[in-house]
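Q: I'm new to this one, so could you walk me through a few spots as I ask about them?
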Amino acid sequence: MRLTHLLKAAGAAAALAAASVSHAGTVDTIKKRGELVCGVSQGSAGLSIADKQGRWTGLDADLCRALAAAVLGDPAKTRFVPLSSQQRFPALQSGEVDVLNRNTTITSGRDAGLGIVSAGIVFYDGQGFLVPRKLGVKSATELDGAQVCVQPGTVNEQNLVDYFKKHKLNYRPVVIENLVELEQAFYAGRCDVYLSDASTLAASRAARASQPDDFVILPERINKSPLGPFVRQDDPNWTAIVRWTVNALVAAEELGVTAANADSQAQSTDAQVRRLLGVDPGIGKSFGLDEGWARNAIKAVGNYGEIWERNLGAATPLKLERGLNAQWNQGGLLYSPPFQ
């Protein structure tokens, strides 16, 4: 019996040692390189898109900067790598990017079969259909015989097959890998329907359509599409850092911590705020980071609400309501586990 316990203890120690080595690999690589390399989309307004000066904006882009601030103390030390839907997973698997933050849907197959793992939800979304208003279509059930623009190798492509089969509708797919080319094809009239996450459709309509009001997103959502960052499976500590950076931005909004007041809030007597900001130490050390890692992330990009309003909210061309992406105590699904 004692031998069994010893063997179990040895196995646990070996697992911890392996995790420690793996942890050192990702974090040390980022620190030695002096920048965090983040895989993003090829251009999705509100999530990750580059302007004419090459500056990336969007919710996903801000999370990349938050991670750079958490690990390196500087959000500017972020290198963005635009990836197509087919490039994204090989780029992560090969180590070309440290984290994939590219409006990617979390699914069981992606967590189980690709050597990668999701690290939290940053956007609760669902796939829908964008159509020209002139078609007079009010529901996706009226799309029999439509030509549908879709990217290959995506959840969207499989859901397209499933939806039309379920509703006994015919369709003709127009499969284009490059997102920009796909959107150009849709707005040029090469297809009747653009299928993607509703957030992507809203971003596309705002940024790509010459007359955004000429296009309408149909009411159906054909699946749940939680979007979030992905990392390689071989580094549980790096997975935890990415997940808890997301949690830090969510918790900061609930606790009233903003980019502007993060330093002054360090004087708070609230135990949750003090742990979040690293005033009461311990969390940073356990991750192999400075104790002020979460405070650095919040100061760099703001809390989740600030990020939303800057990139997706009422003052932006997308004008998206928070909906499911509101805090749990305001009717949404956003909820951070406790920092302790």
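Q: How are α6 and α7 oriented to each other, roughly parallel or roughly perpendicular?
A: In this predicted model, the axes of α6 (residues 179–187) and α7 (residues 198–208) cross at roughly 70° and come within 12 Å. The two helices are therefore roughly perpendicular to each other, a label for angles of 65 to 115 degrees. Helices here are DSSP runs of H or I with at least four residues, and strands are E runs of at least two, numbered from the N terminus.

Q: What should I keep in mind about the numbering and the values?
A: Residues are numbered from 1 along each chain as its sequence is written, and side-chain values use heavy atoms, with hydrogens and water left out. Because the model is predicted, local features need pLDDT of at least 70 and side-chain atom pairs count only at pLDDT 80 or more, while totals for chains, interfaces and linings use all residues.

Q: Which residues of α6 and α7 meet?
A: V180, E183 and Y187 in α6 meet S204, R205 and R208 in α7, where contact means heavy atoms within 4.5 Å. The residues of this contact divide into two nonpolar, one polar and three charged.

Q: Switching to α12, which of its residues are buried?
A: In α12 (residues 304–311), the buried residues are Y304, G305, I307, W308 and N311, with buried meaning under 20% relative accessible area for a 1.4 Å probe and protein chains only. They cover an arc of only 160° around the axis, which puts them on the same side of α12.

Q: And what do they pack against?
A: The buried residues of α12 pack against β3 (56–57), α2 (59–72), β7 (123–125), α8 (236–255) and α11 (293–301). At the start of α12, a side-chain oxygen of N303 also reaches to within 3.0 Å of the backbone nitrogen of G305.

Q: Where does W244 sit, and what does it touch?
A: W244 is in helix α8, and, not counting residues up to four places away in sequence, it touches F287, W293, P337, P338 and F339. The C-alpha atoms of W244 and A119 are separated by 8.5 Å, although these residues are 125 apart along the chain.

Q: Last one: is T104 buried or exposed?
A: T104 is buried, with a relative accessible area of 0%, and its place is in the loop between β5 (99–100) and α4 (108–113). The side chains of T104 and R88 are joined by a polar contact of 3.2 Å, and the side chain of T104 also reaches the backbone oxygen of R102 at 2.8 Å.

How values were computed: Axes are lines fitted to C-alpha atoms, for helices over the stretch in contact, and angles run from 0 to 180 degrees between N-to-C directions. Angles under 35 degrees count as roughly parallel, over 145 as roughly antiparallel, 65 to 115 as roughly perpendicular and the rest as oblique. Ala, Val, Leu, Ile, Met, Phe, Trp, Tyr, Cys and Pro count as nonpolar, Asp, Glu, Lys and Arg as charged, and the others, Gly among them, as polar. Buried means under 20% relative accessible area, exposed over 50%, partly exposed in between (1.4 Å probe, protein chains only). The arc is that of the directions from the helix axis to the C-beta atoms. A polar contact is a pair of N or O atoms within 3.5 Å; within protein, one must be able to donate a hydrogen and the other to accept it, and residues adjacent in sequence count only if both atoms are side-chain atoms.
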